[in-house]
Amino acid sequence: LSRRLDGSEQQEALGRLETENGNLRAALSLGLQATGDTADRLDLALRLCGALWRFWFMHGYASEGRAHLAEVLAVEPHRQAPGPRANALQAAGILAYQQGDHTAARESMLGSLAIARSVGDRVAAACILGDLGLVAHEEGELEQAYERYGESLQVFRELGERLREGVALCNMGRVASDRMDYAAARAAYEESLAIFREQGNRWNTAHVLLGLGNVAADLDESDAAASLYDDALRIARDLGDRRLIALSLLGMASTESRRAGHRAARALFAECLTILHEIGDRNSTADALEGLAAAEEDERGSPLAAHLLGAAERLRETIGVPLAPNELSRYERAVRRAREQVGDDAAFERAWREGREMTLGEAVALALEAPGE
(Lines give C-alpha, C1' and ligand atoms only; values in the text may rest on other atoms or scores of the structure.)
Protein backbone atom coordinates (compact mmCIF):
# COMPACT_ATOMS: atom_id res chain seq x y z
CA LEU A 1 0.00 0.00 0.00
CA SER A 2 2.74 2.48 0.92
CA ARG A 3 4.54 1.75 -2.37
CA ARG A 4 1.35 2.34 -4.37
CA LEU A 5 0.76 5.64 -2.58
CA ASP A 6 4.30 6.77 -3.42
CA GLY A 7 4.46 5.85 -7.10
CA SER A 8 2.64 6.14 -10.41
CA GLU A 9 -0.45 4.33 -9.05
CA GLN A 10 -0.98 7.05 -6.45
CA GLN A 11 -4.20 8.51 -7.87
CA GLU A 12 -5.82 5.07 -8.31
CA ALA A 13 -4.77 3.98 -4.81
CA LEU A 14 -6.16 7.12 -3.18
CA GLY A 15 -9.46 6.70 -5.00
CA ARG A 16 -9.71 3.07 -3.89
CA LEU A 17 -8.97 4.00 -0.28
CA GLU A 18 -11.65 6.68 -0.35
CA THR A 19 -14.16 4.13 -1.64
CA GLU A 20 -13.12 1.58 0.99
CA ASN A 21 -12.86 4.05 3.87
CA GLY A 22 -15.85 2.56 5.70
CA ASN A 23 -14.31 -0.91 5.57
CA LEU A 24 -10.97 0.47 6.75
CA ARG A 25 -12.67 2.06 9.74
CA ALA A 26 -14.30 -1.27 10.57
CA ALA A 27 -10.97 -3.09 10.32
CA LEU A 28 -9.34 -0.58 12.64
CA SER A 29 -12.20 -0.86 15.10
CA LEU A 30 -11.73 -4.63 15.18
CA GLY A 31 -7.99 -4.28 15.71
CA LEU A 32 -8.46 -1.74 18.51
CA GLN A 33 -10.43 -4.30 20.50
CA ALA A 34 -7.27 -6.43 20.75
CA THR A 35 -6.52 -7.79 24.20
CA GLY A 36 -5.06 -10.99 25.57
CA ASP A 37 -4.73 -13.59 22.80
CA THR A 38 -5.83 -11.17 20.08
CA ALA A 39 -2.43 -9.50 19.66
CA ASP A 40 -2.53 -10.25 15.93
CA ARG A 41 -5.43 -7.84 15.57
CA LEU A 42 -3.46 -5.15 17.40
CA ASP A 43 -0.56 -5.72 15.02
CA LEU A 44 -2.96 -5.37 12.08
CA ALA A 45 -4.26 -2.07 13.47
CA LEU A 46 -0.72 -0.75 13.92
CA ARG A 47 0.25 -1.73 10.40
CA LEU A 48 -2.90 -0.23 8.93
CA CYS A 49 -2.33 3.05 10.75
CA GLY A 50 1.29 3.13 9.66
CA ALA A 51 0.24 2.69 6.03
CA LEU A 52 -2.87 4.88 5.99
CA TRP A 53 -1.35 8.13 7.26
CA ARG A 54 -0.65 9.30 3.70
CA PHE A 55 -4.31 8.83 2.80
CA TRP A 56 -5.44 10.61 5.97
CA PHE A 57 -2.95 13.41 5.37
CA MET A 58 -3.82 13.86 1.71
CA HIS A 59 -7.62 13.56 1.92
CA GLY A 60 -8.20 15.75 4.95
CA TYR A 61 -8.73 13.08 7.61
CA ALA A 62 -5.96 14.19 9.97
CA SER A 63 -8.22 14.45 13.03
CA GLU A 64 -9.72 11.02 12.41
CA GLY A 65 -6.30 9.50 11.77
CA ARG A 66 -4.86 11.01 14.94
CA ALA A 67 -7.74 9.56 16.95
CA HIS A 68 -7.17 6.07 15.52
CA LEU A 69 -3.43 6.32 16.15
CA ALA A 70 -3.79 7.57 19.71
CA GLU A 71 -6.08 4.69 20.53
CA VAL A 72 -4.01 1.94 18.97
CA LEU A 73 -0.70 3.23 20.34
CA ALA A 74 -2.14 3.18 23.87
CA VAL A 75 -3.13 -0.51 23.73
CA GLU A 76 -0.50 -2.63 25.53
CA PRO A 77 2.53 -0.73 24.18
CA HIS A 78 4.89 -3.36 25.60
CA ARG A 79 3.38 -5.98 23.28
CA GLN A 80 3.74 -3.93 20.11
CA ALA A 81 6.42 -4.96 17.60
CA PRO A 82 9.12 -2.27 17.20
CA GLY A 83 8.72 -1.71 13.46
CA PRO A 84 4.94 -1.26 13.34
CA ARG A 85 4.99 0.85 16.50
CA ALA A 86 7.70 3.11 15.08
CA ASN A 87 5.72 3.56 11.86
CA ALA A 88 2.55 4.39 13.78
CA LEU A 89 4.38 6.90 15.99
CA GLN A 90 5.84 8.54 12.91
CA ALA A 91 2.36 8.72 11.36
CA ALA A 92 0.96 10.30 14.52
CA GLY A 93 3.75 12.87 14.44
CA ILE A 94 3.15 13.81 10.81
CA LEU A 95 -0.60 14.27 11.30
CA ALA A 96 0.01 16.36 14.43
CA TYR A 97 2.47 18.49 12.45
CA GLN A 98 -0.16 19.03 9.75
CA GLN A 99 -2.53 20.44 12.36
CA GLY A 100 0.06 22.71 13.96
CA ASP A 101 0.34 20.62 17.15
CA HIS A 102 4.12 20.76 17.20
CA THR A 103 4.64 19.55 20.76
CA ALA A 104 2.74 16.34 20.06
CA ALA A 105 4.41 16.01 16.67
CA ARG A 106 7.91 16.23 18.10
CA GLU A 107 7.13 13.81 20.95
CA SER A 108 5.80 11.15 18.56
CA MET A 109 8.63 11.63 16.08
CA LEU A 110 11.31 11.36 18.75
CA GLY A 111 9.70 8.16 20.02
CA SER A 112 9.72 6.75 16.52
CA LEU A 113 13.33 7.84 15.96
CA ALA A 114 14.48 6.10 19.13
CA ILE A 115 12.94 2.81 17.98
CA ALA A 116 14.33 3.11 14.45
CA ARG A 117 17.82 3.69 15.79
CA SER A 118 17.53 0.85 18.31
CA VAL A 119 16.77 -1.65 15.53
CA GLY A 120 19.33 -0.17 13.12
CA ASP A 121 16.83 1.01 10.50
CA ARG A 122 18.81 3.82 8.85
CA VAL A 123 16.18 4.66 6.23
CA ALA A 124 13.42 5.03 8.81
CA ALA A 125 15.69 7.10 11.06
CA ALA A 126 16.59 9.41 8.17
CA CYS A 127 12.92 9.82 7.26
CA ILE A 128 12.07 10.81 10.82
CA LEU A 129 14.98 13.27 10.93
CA GLY A 130 13.40 14.90 7.90
CA ASP A 131 10.04 14.99 9.68
CA LEU A 132 11.66 16.67 12.68
CA GLY A 133 13.10 19.15 10.19
CA LEU A 134 9.55 19.99 9.10
CA VAL A 135 8.59 20.86 12.67
CA ALA A 136 11.71 22.97 13.18
CA HIS A 137 11.04 24.67 9.85
CA GLU A 138 7.50 25.69 10.83
CA GLU A 139 8.82 27.02 14.13
CA GLY A 140 11.27 29.28 12.29
CA GLU A 141 14.37 27.27 13.21
CA LEU A 142 15.74 27.37 9.69
CA GLU A 143 19.32 26.34 10.53
CA GLN A 144 18.13 23.31 12.49
CA ALA A 145 15.67 22.37 9.75
CA TYR A 146 18.34 22.62 7.05
CA GLU A 147 20.69 20.46 9.12
CA ARG A 148 18.02 17.78 9.59
CA TYR A 149 17.17 17.76 5.89
CA GLY A 150 20.85 17.57 4.99
CA GLU A 151 21.45 14.61 7.32
CA SER A 152 18.54 12.71 5.82
CA LEU A 153 19.65 13.56 2.26
CA GLN A 154 23.11 12.13 2.89
CA VAL A 155 21.65 8.80 4.03
CA PHE A 156 19.17 8.58 1.16
CA ARG A 157 21.89 9.24 -1.41
CA GLU A 158 24.17 6.68 0.19
CA LEU A 159 21.44 4.03 0.16
CA GLY A 160 20.01 4.88 -3.26
CA GLU A 161 16.61 5.99 -1.92
CA ARG A 162 15.71 8.19 -4.89
CA LEU A 163 12.19 9.23 -3.93
CA ARG A 164 13.22 10.17 -0.41
CA GLU A 165 16.24 12.02 -1.83
CA GLY A 166 13.78 14.14 -3.78
CA VAL A 167 11.77 14.89 -0.63
CA ALA A 168 14.87 16.06 1.23
CA LEU A 169 15.90 18.28 -1.71
CA CYS A 170 12.42 19.79 -1.89
CA ASN A 171 12.54 20.60 1.82
CA MET A 172 15.98 22.16 1.46
CA GLY A 173 14.57 24.26 -1.36
CA ARG A 174 11.90 25.56 1.01
CA VAL A 175 14.53 26.65 3.53
CA ALA A 176 16.55 28.41 0.82
CA SER A 177 13.40 30.15 -0.38
CA ASP A 178 12.52 31.29 3.15
CA ARG A 179 16.04 32.68 3.44
CA MET A 180 15.53 34.50 0.11
CA ASP A 181 18.35 32.53 -1.52
CA TYR A 182 16.26 32.02 -4.62
CA ALA A 183 19.00 30.65 -6.88
CA ALA A 184 19.70 27.85 -4.39
CA ALA A 185 15.98 27.26 -3.91
CA ARG A 186 15.37 26.84 -7.63
CA ALA A 187 18.34 24.51 -8.01
CA ALA A 188 17.10 22.24 -5.20
CA TYR A 189 13.53 22.30 -6.46
CA GLU A 190 14.53 21.50 -10.04
CA GLU A 191 16.66 18.56 -8.93
CA SER A 192 13.84 17.19 -6.81
CA LEU A 193 11.31 17.76 -9.61
CA ALA A 194 13.36 15.59 -11.96
CA ILE A 195 13.39 12.80 -9.37
CA PHE A 196 9.65 12.92 -8.72
CA ARG A 197 8.83 12.85 -12.42
CA GLU A 198 11.24 9.95 -12.87
CA GLN A 199 9.47 8.10 -10.02
CA GLY A 200 5.98 9.01 -11.25
CA ASN A 201 5.08 10.67 -7.94
CA ARG A 202 2.53 13.37 -8.78
CA TRP A 203 1.88 14.44 -5.17
CA ASN A 204 5.46 15.44 -4.52
CA THR A 205 5.66 16.91 -8.02
CA ALA A 206 2.82 19.25 -7.09
CA HIS A 207 4.60 20.30 -3.90
CA VAL A 208 7.71 21.21 -5.91
CA LEU A 209 5.56 23.19 -8.37
CA LEU A 210 4.17 25.09 -5.38
CA GLY A 211 7.69 25.81 -4.18
CA LEU A 212 8.77 27.03 -7.59
CA GLY A 213 5.61 29.13 -7.72
CA ASN A 214 6.51 30.73 -4.40
CA VAL A 215 9.99 31.55 -5.68
CA ALA A 216 8.55 33.11 -8.84
CA ALA A 217 6.04 35.10 -6.77
CA ASP A 218 8.74 36.44 -4.45
CA LEU A 219 10.69 37.54 -7.52
CA ASP A 220 7.59 39.33 -8.90
CA GLU A 221 7.33 36.89 -11.80
CA SER A 222 3.55 36.83 -11.51
CA ASP A 223 2.70 35.06 -14.77
CA ALA A 224 5.16 32.24 -14.08
CA ALA A 225 3.90 31.92 -10.50
CA ALA A 226 0.26 31.74 -11.60
CA SER A 227 1.07 29.01 -14.16
CA LEU A 228 2.98 26.93 -11.61
CA TYR A 229 0.20 27.23 -9.01
CA ASP A 230 -2.37 26.26 -11.63
CA ASP A 231 -0.37 23.14 -12.53
CA ALA A 232 -0.13 22.19 -8.85
CA LEU A 233 -3.86 22.74 -8.37
CA ARG A 234 -4.75 20.43 -11.27
CA ILE A 235 -2.70 17.63 -9.73
CA ALA A 236 -4.15 18.29 -6.27
CA ARG A 237 -7.70 18.07 -7.59
CA ASP A 238 -6.88 14.84 -9.48
CA LEU A 239 -5.53 13.30 -6.27
CA GLY A 240 -8.33 14.65 -4.08
CA ASP A 241 -5.78 16.12 -1.67
CA ARG A 242 -7.70 18.85 0.15
CA ARG A 243 -4.67 20.36 1.86
CA LEU A 244 -2.72 20.51 -1.39
CA ILE A 245 -5.75 22.08 -3.08
CA ALA A 246 -5.83 24.71 -0.33
CA LEU A 247 -2.11 25.47 -0.60
CA SER A 248 -2.41 25.85 -4.38
CA LEU A 249 -5.36 28.20 -3.93
CA LEU A 250 -3.35 30.15 -1.35
CA GLY A 251 -0.56 30.71 -3.86
CA MET A 252 -3.03 31.72 -6.58
CA ALA A 253 -4.81 34.09 -4.19
CA SER A 254 -1.57 35.75 -3.13
CA THR A 255 -0.60 36.25 -6.77
CA GLU A 256 -3.96 37.87 -7.56
CA SER A 257 -3.64 40.08 -4.50
CA ARG A 258 -0.24 41.33 -5.66
CA ARG A 259 -1.76 42.09 -9.05
CA ALA A 260 -4.45 44.14 -7.23
CA GLY A 261 -7.12 41.67 -8.35
CA HIS A 262 -8.73 41.87 -4.94
CA ARG A 263 -12.12 40.40 -5.86
CA ALA A 264 -10.54 37.24 -7.35
CA ALA A 265 -8.02 37.09 -4.50
CA ARG A 266 -10.70 37.24 -1.81
CA ALA A 267 -12.70 34.45 -3.43
CA LEU A 268 -9.60 32.24 -3.65
CA PHE A 269 -8.53 33.04 -0.09
CA ALA A 270 -12.04 32.24 1.17
CA GLU A 271 -12.09 28.85 -0.58
CA CYS A 272 -8.62 28.10 0.74
CA LEU A 273 -9.46 29.18 4.30
CA THR A 274 -12.62 27.06 4.35
CA ILE A 275 -10.66 23.93 3.49
CA LEU A 276 -7.81 24.65 5.90
CA HIS A 277 -10.20 25.22 8.80
CA GLU A 278 -12.18 22.07 8.01
CA ILE A 279 -9.08 19.86 7.99
CA GLY A 280 -7.55 21.59 11.03
CA ASP A 281 -4.40 22.90 9.31
CA ARG A 282 -3.56 25.78 11.62
CA ASN A 283 -0.09 26.36 10.15
CA SER A 284 -1.46 27.59 6.84
CA THR A 285 -4.61 29.16 8.30
CA ALA A 286 -2.51 32.04 9.63
CA ASP A 287 -1.18 32.65 6.10
CA ALA A 288 -4.72 32.68 4.70
CA LEU A 289 -6.00 35.13 7.34
CA GLU A 290 -3.09 37.47 6.63
CA GLY A 291 -3.65 37.11 2.90
CA LEU A 292 -7.32 38.01 3.23
CA ALA A 293 -6.38 41.04 5.30
CA ALA A 294 -3.97 42.19 2.58
CA ALA A 295 -6.67 41.74 -0.08
CA GLU A 296 -9.26 43.91 1.68
CA GLU A 297 -10.59 46.93 -0.16
CA ASP A 298 -9.54 50.43 0.87
CA GLU A 299 -12.76 51.08 2.74
CA ARG A 300 -12.22 53.97 5.14
CA GLY A 301 -13.00 53.07 8.73
CA SER A 302 -13.16 49.30 8.14
CA PRO A 303 -11.58 47.31 11.01
CA LEU A 304 -11.80 43.94 9.22
CA ALA A 305 -8.16 43.70 8.11
CA ALA A 306 -6.99 44.70 11.59
CA HIS A 307 -9.24 42.03 13.13
CA LEU A 308 -7.84 39.34 10.82
CA LEU A 309 -4.24 40.37 11.41
CA GLY A 310 -4.76 40.35 15.16
CA ALA A 311 -6.31 36.87 14.98
CA ALA A 312 -3.45 35.61 12.80
CA GLU A 313 -0.87 37.02 15.22
CA ARG A 314 -2.53 35.22 18.12
CA LEU A 315 -2.69 31.98 16.13
CA ARG A 316 1.01 32.18 15.24
CA GLU A 317 1.87 32.70 18.91
CA THR A 318 -0.33 29.77 19.96
CA ILE A 319 1.20 27.24 17.58
CA GLY A 320 4.70 28.75 17.57
CA VAL A 321 4.93 29.54 13.84
CA PRO A 322 6.67 32.86 13.14
CA LEU A 323 6.75 34.61 9.80
CA ALA A 324 9.62 33.54 7.54
CA PRO A 325 12.14 36.22 6.47
CA ASN A 326 10.74 36.33 2.93
CA GLU A 327 7.24 37.03 4.30
CA LEU A 328 8.10 40.04 6.45
CA SER A 329 7.96 42.83 3.86
CA ARG A 330 4.54 41.72 2.55
CA TYR A 331 3.24 41.41 6.08
CA GLU A 332 4.46 44.87 7.05
CA ARG A 333 2.72 46.32 3.98
CA ALA A 334 -0.50 44.60 4.98
CA VAL A 335 -0.27 46.05 8.50
CA ARG A 336 0.36 49.56 7.18
CA ARG A 337 -2.57 49.25 4.81
CA ALA A 338 -4.87 47.98 7.57
CA ARG A 339 -3.88 50.90 9.78
CA GLU A 340 -4.64 53.33 6.95
CA GLN A 341 -8.02 51.68 6.37
CA VAL A 342 -9.07 52.18 9.99
CA GLY A 343 -7.79 55.74 9.83
CA ASP A 344 -7.19 56.19 13.55
CA ASP A 345 -4.37 54.66 15.57
CA ALA A 346 -6.43 54.11 18.72
CA ALA A 347 -9.24 52.45 16.75
CA PHE A 348 -6.69 50.31 14.87
CA GLU A 349 -5.12 49.06 18.12
CA ARG A 350 -8.58 48.31 19.51
CA ALA A 351 -9.56 46.33 16.42
CA TRP A 352 -6.25 44.44 16.55
CA ARG A 353 -6.88 43.49 20.20
CA GLU A 354 -10.40 42.38 19.36
CA GLY A 355 -8.99 40.12 16.65
CA ARG A 356 -6.51 38.61 19.10
CA GLU A 357 -9.35 37.86 21.54
CA MET A 358 -11.38 35.93 18.98
CA THR A 359 -11.39 32.15 18.87
CA LEU A 360 -10.01 30.72 15.65
CA GLY A 361 -13.52 29.69 14.64
CA GLU A 362 -14.80 33.22 15.19
CA ALA A 363 -11.97 34.72 13.15
CA VAL A 364 -12.55 32.30 10.26
CA ALA A 365 -16.29 32.98 10.34
CA LEU A 366 -15.65 36.73 10.27
CA ALA A 367 -13.30 36.34 7.31
CA LEU A 368 -15.76 34.22 5.37
CA GLU A 369 -18.75 36.45 6.12
CA ALA A 370 -16.98 39.56 4.83
CA PRO A 371 -18.85 40.97 1.82
CA GLY A 372 -17.13 41.09 -1.56
CA GLU A 373 -17.34 43.72 -4.19
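**Close-up views of a predicted model**

View 1. His262 counts as buried, at 15% relative accessibility (buried is under 20% relative accessible area, exposed over 50%, partly exposed in between, with a 1.4 Å probe and protein chains only). The structure is a predicted model, in which local features need pLDDT of at least 70, side-chain atom pairs count only at pLDDT 80 or more, and totals for chains, interfaces and linings use all residues. Residues are numbered from 1 along each chain as its sequence is written, and side-chain values use heavy atoms, with hydrogens and water left out. His262 lies in helix H15 (residues 262-279); helices (H or I, at least four residues) and strands (E, at least two) are DSSP runs, numbered from the N terminus. Apart from neighbours within four places in sequence, His262 is in contact with Ser257, Ala294, Ala295, Glu297 and Arg337 (contact means heavy atoms within 4.5 Å).

**View 2. Gly301 in the loop between H16 and H17.** Gly301 sits between helix H16 (282-294) and helix H17 (304-319). Gly301 is partly exposed, with a relative accessible area of 44%. Neighbours within four places in sequence aside, Gly301 is in contact with Gln341 and Val342. The C-alpha atoms of Gly301 and Arg337 are 12 Å apart, and 36 residues separate the two along the chain.

**View 3. Packing of helices H6 and H7.** The axes of H6 (residues 82-98) and H7 (residues 102-118) come within 7 Å and cross at roughly 160°; axes are lines fitted to C-alpha atoms, for helices over the stretch in contact, and angles run from 0 to 180 degrees between N-to-C directions. H6 is therefore roughly antiparallel to H7 (angles under 35 degrees count as roughly parallel, over 145 as roughly antiparallel, 65 to 115 as roughly perpendicular and the rest as oblique). Residues making the contact include Leu89, Ile94 and Tyr97 of H6 and Met109, Ser112 and Ile115 of H7. By class, the contact of H6 with H7 has 11 nonpolar, 6 polar and 1 charged residues; Ala, Val, Leu, Ile, Met, Phe, Trp, Tyr, Cys and Pro count as nonpolar, Asp, Glu, Lys and Arg as charged, and the others, Gly among them, as polar.

View 4. The whole structure has 0 disulfides (a disulfide is a pair of cysteine sulfur atoms within 2.5 Å). The cysteine sulfur closest to that of Cys170 is in Cys127, 14 Å away and so too far for a bond. Cys170 is buried at 9% relative accessible area, and Cys272 is buried at 0%.
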